[in-house]
Amino acid sequence: SILIRRTFGLESGVYDILIGITTTLLAYSSLGISQSLPKLLPDLDAAAGPRAAAALARRAGLLRMALLVIPLLLLNAMTVRIAAAFQLGEHGTFLLQAVTVLALGRAVLDLANRTLQGALAHRTANLFLVLQAGAVLTLIVVLLSTGGGIGAIVLGMGMIALVTAGFGSRTAIGVVGADHGEPSPRAKRQSGEFSPGLPASRFWHFVLFLYLISISSYFAQPGFASPVLAVVSDGVQAVALFNTGYQIPHMIAVLLLASFQGLYVPMFTRLLATPDNLRTAYREVSKVQAALLIPAAAGLLVMLGDYIPLIYGQAFGPAVPVARILTVALFVEAFLSLGGILLTTAELARPVLLAQTLIVLGAGPFVLAARTGDLVLTAAIFPLGRLLAALAKHLVARQRFGVRFPWTFVARASLPSLCMVAILIPARPAGGAGWLEALLLTALGAVIVLIGMRVFRVLGPRELDLLERAQIPGGARILTLLGRRG
């Protein structure tokens, strides 16, 4: 994104619109099929053997791709009108054809990776994603150095996704269909089954539940916001500024909590039968999240005015207030997200889906705000639906399971961040920091927080244990600085 922003400036909004259209096509055509495979494949493999699991993977894959073909045909039949609506310029038809390739590649790659996850081949799935990311980065560097445009970049990304997906699909079919030396029945689909051993009713109930969650969450994502802004606001420039403001806080929040994602569901699943232990675990995880999110959010609020112009260029300065608003919203939502994870783990579909309707209802006010052309107002309205949904899920989890937020701990965990802010604000140069000053201020902020956490005794043994289990990159050094002795 840095390379694209610095090369095309505010016209990089065209790239965001194309990615938004791709995301929209994939979201609406998915029907929850790909998302269901990590759950259904291991269940079916255990119940009916690997041949039945392989049959499900093939049948689900064919259905998923058939559902995608219909909107892609409509897209290509209406390229001129769609290109004009989204202000894609004279090359709009080619850009939308590139989107077709990208959507196909991403759909197949998603199927392959989720199939590998369902076969518990997580390392292999991650390897294909890493290979794709490396190939895309190399492609963008080559294209930009030779004068390639946004259309060429999107088309190249689609071709890379298709090639990677081809190898991934072949690997996934081999992994899922492997017999592992155990006898497998000659699986034949019976009446009332979606695939051998899997009742159609169970399949459709599960995939539609996942689809409703996915399609409602879509209305709180840039994939929805970018096309809307292109149509009803100031065009591609507004799209570029909005996505730039969204990207940094979203990236930091994801990176901070990524190491914990594999802990939540197994932990909650194991503890659902012991309410006291569940409440304790919820409280401890909330503490660790607060200890990570609060200083990161505080540091971003202070330094975004320097980061964005330095990273993306001075033209993106108007994205700073957008980024600050979204930092607060995205980090608060991340802190509230545990309630939704707990409800989903407990398979409480009704309250989850009811909460998700708040996200859908938030789409209307967002469109109205976008029509005003006020990007700051639009950014303030955008996350309200997802914040209310996260809060509603937490309140339901509190009622059902008695979980509580450790507010006393949150207040204590905020003290190091307040110290950091009090020092960084006057230390920042009045005219904005250069690269050296920004790096020094960032390092200073991190040191102040680490010292403050030790002085105020923010993290106890339980929280340090949880941090250690998460295996955060560089975590061993951080734990040492926080007082954990090896």
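# Reading pairs and contacts in a predicted model

Biologist: How should I read a salt bridge, and which side chain does Lys-287 meet in one?

Modeller: In general, side chains of opposite charge can pair when their charged atoms come close. Here the side chain of Lys-287 meets that of Glu-284, with 3.6 Å from N to O. Because these two residues are three apart in helix 13, about one helical turn separates them. Lys-287 is buried, and Glu-284 is buried too.

Biologist: Where does Arg-428 find its partner, and how far apart are the closest N and O atoms?

Modeller: The partner of Arg-428 is Asp-306, and the closest N and O atoms of this salt bridge lie 2.7 Å apart. Arg-428 sits in the loop between helix 20 (407-427) and helix 21 (435-455), whereas Asp-306 belongs to helix 13, so the pair ties together parts that are 122 residues apart in sequence.

Biologist: Which residue pairs with Arg-386, and are the two buried or exposed?

Modeller: Arg-386 forms a salt bridge with Glu-333, at 2.9 Å from N to O. Since Arg-386 lies in helix 19 (residues 384-401) and Glu-333 in helix 14 (residues 319-336), this pair ties together parts that are 53 residues apart in sequence. Both Arg-386 and Glu-333 are buried.

Biologist: Let us move to the rings; how many aromatic pairs are there?

Modeller: A pair of aromatic rings is described by the distance of the centres and the angle of the planes. With centres required to lie within 6.5 Å, the count comes to 16 aromatic pairs. One of them joins Tyr-312 and Phe-316, whose centres are 6.0 Å apart and whose planes make an angle of 55°, which gives a tilted pair. Tyr-312 and Phe-316 are both buried. Ring pairs also link a cluster made of Tyr-28, Tyr-218, Phe-219, Phe-224, Phe-242, Tyr-246, Phe-366 and Phe-382.

Biologist: What describes the crossing of helix 13 and helix 15?

Modeller: The axes of helix 13 (residues 275-312) and helix 15 (residues 338-345) come within 11 Å of each other and cross at roughly 145°, and the crossing is right-handed. On the side of helix 13 the contact involves Leu-278, Tyr-282, Val-285, Ser-286 and Gln-289, which meet Leu-338, Gly-339 and Leu-342 of helix 15. Sorted by class, the contact has five nonpolar residues, three polar ones and no charged residues.

Biologist: Which residues does His-394 touch, leaving aside those up to four places away in sequence?

Modeller: His-394 is placed in helix 19, and with 5% relative accessibility it counts as buried. Apart from residues up to four places away in sequence, His-394 touches Tyr-282, Leu-336, Gly-339 and Phe-405. Tyr-282 and Gly-339 also take part in the contact of helix 13 with helix 15.

Biologist: How far apart in space are Gly-89 and Val-14, given their 75 residues of separation in sequence?

Modeller: From C-alpha to C-alpha, Gly-89 and Val-14 are 9.2 Å apart. Gly-89 is found in the loop between helix 5 (79-85) and helix 6 (92-118), and at 53% relative accessibility it counts as exposed. For another such pair, take Ile-325 and Ile-381, which are 56 residues apart along the chain and have C-alpha atoms separated by 9.8 Å. Ile-325 is located in helix 14 and is partly exposed, with a relative accessible area of 24%. Not counting residues up to four places away in sequence, Ile-325 touches Val-376, Ala-379 and Ala-380.

Technical notes. Residues numbered from 1 in each chain as written. Predicted model: local features only at pLDDT ≥ 70, side-chain atom pairs only at ≥ 80, totals over all residues. Heavy atoms only, no water. Phe/Tyr/Trp six-rings, centres within 6.5 Å; stacked < 30°, edge-to-face > 60°. Buried < 20%, exposed > 50% of the residue type's maximum accessible area, 1.4 Å probe, protein only. Axes fitted to C-alpha atoms, helices over the stretch in contact; angles between N-to-C directions. Helix = DSSP H or I, 4+ residues; strand = E, 2+ residues; numbered from the N terminus. Left-handed = near helix turned anticlockwise from the far one by under 90°. Contact = heavy atoms within 4.5 Å. Nonpolar A, V, L, I, M, F, W, Y, C, P; charged D, E, K, R; others polar. Salt bridge = Lys/Arg side-chain N within 4 Å of Asp/Glu carboxyl O.
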